[in-house]
Amino acid sequence: QSSTKNKTQSITVAEISQRIEHHLKFTLDEQINVDQKPAYWRATSLALNDIIVEKLQNTKARQQQSEVKSVNYLSLEYLMGRLLSNNLHNLGLYTNTEKALKTMGFELADLCEQGADLALGNGGLGRLAACFLDSLATLDYSAMGYGVHYQHGLFKQSFADGQQIETPDMWREFGSPWEICRPESSQTIPLYGHIEEVAQANGTIKSVWHAGKTLKGVPWDVPIVGYNSDTVNALRLWECRADNAFDWDTFNHGDYLQAHQQQVAAETVSKVLYPNDEHEAGKELRFVQQYFFCACSVQDIIARFENQYGALAEQSHWQTFCEKVAIQLNDTHPTIAILELMRTLIDNHNVDWDNAWAICQKVFAYTNHTLLPEALEKWSVALFQRVLPRHLSILYRINEAFLNDDVNALWPNNDDMRARLSLIEEGHEPKVRMAHLCVVTAHRVNGVAQIHSDLVKQDLFPEFDQLWPTKLTNVTNGITPRRWLKACNPLLANLLDSTINADWAKDLNRLSELKHLADNADFQQQFMAIKQQNKIALTKEIKKLTGITVSPDAIFDVQIKRLHEYKRQHLNLLHIISLYRQLLANPELDMQPRVFIFGAKAAPGYKLAKEIIYATNKVAEKINNDIRIQDKLKVVFLPNYRVSLAEKIIPAADVSEQISTAGKEASGTGNMKLALNGAVTIGTLDGANIEIAEEVGDDNIFIFGLTVDEVKALDAQDYNSYQYYQNNAEIRACLDWLDTDYFTPGNPGELSSIKESFLAGGDPYKVLADFQSYADAQLALDKAYRNPSQWAKMAILNTALMGKFNSDRSIEDYVQNIWHLTVSK
Ligand code: 26Q
């Protein structure tokens with residue numbers, strides 16, 4: 001096949017118009033030229049999808065013919081955001097489509113706003129998966145993303161009197177033009193029931209699983225369009241339905257309504273995305289959801305392999321399987337895929353134990369995204385036994401071999417070691433340690449930033465590192481510069497196009513050429529004028545969403561991420577309260593006006609996180625309406641933070657808040673997006689902040705706070721938060737203020753829980769210990785901002801030096817070190 005990428009780019013304005021009009025007329029039955037944005041959005045998306053599907057078919061044929069190895073990315077979450085503008089950019093059709101729509105009386109940018117976000121994820125982990133799919137297609141690798149076709153993605157957030165309200169996300173309410181349903185690739189998934197040990201003719205015993213119930217998995221494919229490449233891969237999302245064949249009995253017995261109940265029960269499995277990030281849910285439905293997803297994906301991987309290479313009856317084919325298939329586990333959420341592949345190989349394909357195990361070890365790799373103990377998944381053995389009896393017996397055998405062979409070899413007869421490393425945590429309620437199963441099986445285990453990977457080795461899995469010294473490794477996260485610069489910041493993208501003589505969106509290291517312009521007054525002026533325009537646009541959005549008026553001449557200081565104590569939005573809030581106090585004491589205080597902008601969703605069951613949202617909104621209300629401080633301070637909490645809102649905030653940010661307790665944020669990726677768009681980071685030595693600091697240099701970032709080692713030292717000597725309260729008058733005044741009704745008139749004590757978390761609660765995330773250092777860094781930042789050429793230089797260098805954080809680089813790291821793929825062009 002010859003290259004099609006130039007062919008797509010040569011599609012004319014007239015042809016695009018024709019394709020759009022075709023869908024308006026025949027798919028949507030709309031009169032041409034009706035003034036209806038939703039219809040034009042749909043027609044444009046459908047027109048584009050036709051082009052994309054053709055490329056998808058070509059890609060599949062090419063990949064099959066070249067017999068390249070393929071990676072299967074297993075993730076319970078994908079935060080895709082909107083697809084129209086991104087697909088247009090990646091196909092090189094944005095400008096011509098813009099022209100075509102203009103002749104029909106529409107602004108393309110306007111129409112793009114019509115699409116719903118695909119919000120099938122919580123935060124960083126889900127967005128990382130989306131960036132990786134973009135890079136895989138851009139780099140012409142053969143890849144399949146596997147996920148769940150949730151009926152409802154992450155909840156929609158609004159505020160009522162400052163309090164978070166959750167409502168269901170309805171992304172498919174009016175259909176989605178990007179999905180292709182593939183009923184022919186449906187899977188039947190057994191669960192529950194019991195095992196029968198059947199004696200074989202040759203004297204061995206075979207375990208036969210009689211399932212108590214089956215579910216049906218129906219796949220929906222979302223095409224993943226590479227940027228300026230020939231490749232369109234697929235994201236395959238599984239929807240759960242009742243298995244009608246199985247329930248036929250109920251129908252035949254005349255219990256029509258009962259049969260429908262079965263349908264409803266089955267559909268709950270893929271009904272909703274669990275909204276608790278960084279926290280284990282422990283619910284049976286989540287367990288079934290994970291298994292359903294893993295089983296569908298593993299069966300599909302095998303089916304696709306057999307379709308291409310023939311039946312897997314012979315041993316030699318299993319060798320081929322290892323050469324052609326890689327499976328990446330995005331955290332432990334899809335761990336059951338390991339047991340499902342073992343089960344399928346042994347029970348359905350007659351592979352013996354040793355070969356099945358060897359295959360799994362070659363095929364699987366695992367990415368760890370967290371060190372937080374409360375986020376490490378453990379499932380009760382009793383639940384396992386009930387839902388997946390066969391999988392549990394396989395797990396026991398893996399554990400036996402691991403403890404008796406591997407552990408015993410290094411630590412002979414050491415019961416303490418056996419207990420610590422066992423896949424089963426013993427105790428009142430025995431549990432399966434999912435991360436242990438991943439580490440024991442996978443040939444590679446990676447953390448997501450250097451410091452995080454070091455801590456995975458030192459603190460989380462030191463014994464595993466001793467057992468297998470090359471298994472634990474690092475792949476620093478990255479972000480796609482297509483969505484996070486080219487598409488979301490067109491003004492800056494244009495400046496880069498005219499400054500850098502290369503396709504920087506494909507080779508982000510080329511941005512380093514800007515280094516030589518960082519001191520150039522003319523370039524500084526152009527760069528900062530774009531920032532100003534983006535700030536003006538955000539100012540309007542803030543007005544629209546909250547009614548608050550802010551000035552684009554203020555510093556736009558941004559903290560956008562899930563709400564969590566370890567991310568320390570309440571440290572930011574405490575500093576805001578302190579600034580406000582200082583301004584009330586001295587309204588003439590010499591400072592650059594500042595707008596603090598927050599975006600964050602709290603898990604619905606996370607009480608303190610919701611109280612931090614409430615407190616921030618209440619403090620904002622007071623500050624924004626206080627004329628005494630002359631607009632020097634504004635606080636804006638934008639509701640319903642999501643990918644499409646991030647795309648508006650990030651290009652307008654001056655300051656990026658990355659202030660987690662050292663050692664707690666595995667990587668962070670928002671830090672990369674903000675810096676790439678010319679925001680300067682104020683942050684701790686945590687996650688990828690450390691590598692960002694290495695790239696931009698100490699002069700171009702504001703680092704503060706305890707290091708990982710200092711945090712550990714404080715913990716070792718029993719951290720006492722009261723000490724900071726007693727010794728720091730500013731901290732004391734701010735916290736005591738929260739006990740009054742100043743911010744919640746008539747209702748004193750409404751914000752006291754935050755103070756209490758710092759004092760009686762022990763301040764687990766060391767907010768008070770880092771406060772002074774943070775306030776000092778903020779002061780230095782304010783001073784730097786008031787020197788415009790110094791600030792412009794810092795901002796430019798941040799954009800210039802983000803090349804490392806391209807997700808293309810992350811993917812090449814995975815390819816070299818873990819997946820060993822070759823391109824298929
Ligand atoms: C687990 C069990 C049951 C229900 C939900 C969950 C669950 C869901 C989502 C647990 C964790 C998550 C998400 C974790 C996450 O987003 N981690 C982030 O991953 C990013 C990409 O590597 C990192 O940059 C962030 O530092 C990390 O916090």
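A residue counts as buried if 20 or more other C-beta atoms lie within 10 Å of its own, as exposed if 12 or fewer do, and as partly exposed in between, with C-beta atoms placed from the backbone. This is a predicted model, in which local features need pLDDT of at least 70, side-chain atom pairs count only at pLDDT 80 or more, and totals for chains, interfaces and linings use all residues. Residues are numbered from 1 along each chain as its sequence is written.

**View 1. Lys673 in helix H26.** Lys673 has 29 C-beta neighbours inside 10 Å and so counts as buried. Helix H26 covers residues 670-676. Helices (H or I, at least four residues) and strands (E, at least two) are DSSP runs, numbered from the N terminus. UniProt, in an unreviewed entry, places "modified residue: N6-(pyridoxal phosphate)lysine" at Lys673. UniProt positions follow the numbering used here, feature names are shortened, and annotations may be inferred rather than shown by experiment. Neighbours within four places in sequence aside, Lys673 is in contact with Ile479, Trp484 and Ile650. Contact means that the C-beta atoms of two residues, placed from the backbone, lie within 7 Å.

**View 2. The shell around the ligand.** The ligand is surrounded by 24 residues. The closest are Gly124, Leu125, Ala281, Ala666 and Ser667. A residue belongs here if its C-beta atom, placed from the backbone, lies within 6 Å of the molecule. Helix H7 (residues 124-138) gives the largest share, three residues. By type, the shell holds seven nonpolar, eleven polar and six charged residues. Nonpolar covers Ala, Val, Leu, Ile, Met, Phe, Trp, Tyr, Cys and Pro; charged covers Asp, Glu, Lys and Arg; the others, Gly among them, are polar. Domain 1 and domain 2 each supply at least three residues of the shell.

**View 3. Where domain 1 meets domain 2.** Domain 1 takes in 67-82 + 117-477 + 811-819, and domain 2 takes in 481-805. These bounds come from an automatic or database domain assignment. The two centres, taken over C-alpha atoms, are 35 Å apart. Across the boundary, 40 residues of domain 1 are in contact with 35 residues of domain 2. On the domain 1 side, the elements giving two or more residues are strand E2 (78-81), H7, strand E5 (156-160), strand E6 (163-167) and helix H18 (450-460). That side divides into 13 nonpolar, 19 polar and eight charged residues.

**View 4. Asp140 and its positive phi.** Most residues other than glycine have a negative phi. Asp140 is not a glycine, yet its phi is about 65°. Asp140 sits in the loop between H7 and strand E4 (143-148). With 21 other C-beta atoms within 10 Å, Asp140 is buried.

**View 5. Lys766 and its positive phi.** Phi of Lys766 is near 60°, in a residue other than glycine. Lys766 lies in the loop between helix H31 (752-758) and helix H32 (767-785).

**View 6. The whole chain, for orientation.** The protein chain has 34 helices and 25 strands. Its radius of gyration is 27 Å, close to the 28 Å that the globule rule gives for 825 residues, so the chain is as compact as a globular protein of that length. The radius is taken over C-alpha atoms, and the rule is 2.2 Å times the number of residues to the power 0.38. The C-alpha trace spans about 90 × 70 × 60 Å along its principal axes. Of the 825 residues, 50% count as buried.
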